[in-house]
Amino acid sequence: MKKSGFYYLTSGLIAFSIFGIITDIQASNDIQLISPPVETQSFMMASVPNNSSYQNTNAAMQAQIKSKKENILKKIEEMKKASSTPSSNSPSVTKPTSVTKLGSKPRQLYSYVRMLDYSPHPRTENILKDKPVLYNGKNYHFTVTYNEDWKYVSDDLSLMNGISFTINVYENGKRVRNLTTPKVQLNPQKIKKGQTIGIAEVAPFKFNIKINDLTVTKKGITVLEFKLDLIG
C-alpha cells in the first residue's frame, strides 16, 4: 500500500521540529554564567520542549531531551546564585563609624602661687570659686588642701619635712572629682627650685605643682613656695 503525500509531509515536519529543538538545546550548552536578563531566561525556558509533544519519539530521544532540560534548569539556578553572591572583586562595604573628636592641644588655664611656712594659715583654699574656668561649656573651680609635715624645733623654728596635696574639682558648683597626690619627702640637701612636688590628673584637668622658691637653713626647710598650674 502506498503512503500518501500527507503522511510524508507530517513526518517531515515532526523531524524538522525535533532537529530544531535539539539544535536549540545544543546551543544552550554555550551559555556563559553571566547574570542574564529576564527575557533571556524566559527564552531559555521556552526552548525547553514539553515531553507531551514527543510521544512518538523513541525512548532514547526522550531521555536525551530530558537530560538537556535538566542541564538548562541547573545552569539557570547556578546563574541565579551567581548573581546574588557578591563578587570577590567588589569593593568591601563598611559601616560608617563615629568620628572621634580630638581635643585641642593642652594649655595652661590658670596659675596659682602660694607660700607656706609654720605661721598659721588656711589648710584648704577655694580657687576660682568666684571666677570659675569655663571649659567645654561648664564652669569649674577647685579646692586645694595642703597636707604638710612640720617638725617643731622651737617657738622660733619649725622645719618642713614633706607635703602632699588633696584636690577637689567642682563642676557647675558640684564636686565631681577628688585626688590626693603622693607625699613628697623634702630633703634640704637635694631640693631645688623648679622641682616637681605634685602631679594630679583629675579629669578633665591636669595639675602640675612645682617649687617656685624656698628658704633653706642648715637645719632644714623653713619656707616653701609652690606654683600650681592648671592645664586643660
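The legends below describe close-up views of a predicted model.

Residues are numbered from 1 along each chain as its sequence is written, and side-chain values use heavy atoms, with hydrogens and water left out. Because the model is predicted, local features need pLDDT of at least 70 and side-chain atom pairs count only at pLDDT 80 or more, while totals for chains, interfaces and linings use all residues.

**View 1. Overall course of the protein chain.** The protein chain has three helices and 10 strands, in the order α-α-α-β-β-β-β-β-β-β-β-β-β along the sequence; helices (H or I, at least four residues) and strands (E, at least two) are DSSP runs, numbered from the N terminus. Of its 232 residues, 30% are buried, where buried means under 20% relative accessible area, exposed over 50%, and partly exposed in between (1.4 Å probe, protein chains only). The accessible surface comes to about 16,200 Å², and carbon and sulfur atoms hold 54% of this area; areas come from the Shrake-Rupley method with a 1.4 Å probe, and for residues only the protein chains shown count as cover. Among the contacts with a separation of 6 or more, 52% are between residues 24 or more positions apart, a contact being heavy atoms within 4.5 Å.

**View 2. The largest nonpolar core and isoleucine 197.** This core contains 31 residues, of which Leu186, Ile197, Phe207 and Phe226 touch the most other members. Two or more residues each are given to this core by strands S1 (108–116), S3 (133–135), S4 (138–154), S5 (157–171), S8 (196–202), S9 (205–216) and S10 (221–231). A nonpolar core is a set of buried Ala, Val, Leu, Ile, Met, Phe, Trp, Tyr and Cys residues joined through side-chain atoms within 4.5 Å. Apart from neighbours within four places in sequence, isoleucine 197 is in contact with Ile163, Phe165, Val184, Leu186, Ile209, Lys210, Ile211, Leu224 and Phe226. In soluble globular proteins, nonpolar side chains tend to be buried together.

**View 3. Aromatic pairs, with phenylalanine 142 and phenylalanine 207.** Rings of Phe, Tyr and Trp (its six-membered ring) pair if their centres lie within 6.5 Å, with planes under 30 degrees apart counted as stacked, over 60 as edge-to-face and the rest as tilted; by this rule there are nine aromatic pairs. The ring centres of phenylalanine 142 and phenylalanine 207 are 5.0 Å apart and their planes stand at 70°, so this pair is edge-to-face. The pair links distant parts of the chain, with phenylalanine 142 in strand S4 and phenylalanine 207 in strand S9, 65 residues apart. Both phenylalanine 142 and phenylalanine 207 are buried. Elsewhere, ring pairs link Tyr118, Trp150 and Tyr152 into a cluster.

View 4. Asparagine 168, in strand S5, counts as buried because its relative accessibility is 9%. Its side chain makes a polar contact of 3.1 Å with the side chain of arginine 175; a polar contact is a pair of N or O atoms within 3.5 Å, where, within protein, one must be able to donate a hydrogen and the other to accept it, and residues adjacent in sequence count only if both atoms are side-chain atoms. Leaving aside neighbours within four places in sequence, asparagine 168 also touches residues including His141, Phe142 and Thr143. Histidine 141 lies in strand S4 and is buried, with a relative accessible area of 10%; beyond four places in sequence, histidine 141 touches residues including Asn126, Ile127, Leu128 and Lys129 as well as Asn168.

**View 5. Strand S2 beside strand S4.** Strands S2 and S4 run antiparallel and are joined by four bridges, at least two DSSP bridges being needed for two strands to pair. Isoleucine 127 stands opposite phenylalanine 142 in S4.

View 6. Most residues other than glycine have a negative phi, and most peptide bonds are trans. A cis peptide bond, with omega of about 5°, joins alanine 203 and proline 204, the latter lying in the loop between S8 and S9. Leucine 128, in the loop between strand S2 (124–127) and S3, has a positive phi near 70° and is buried, with a relative accessible area of 15%. Asparagine 172, in the loop between S5 and strand S6 (174–180), has a positive phi near 50° and counts as exposed at 51% relative accessibility.
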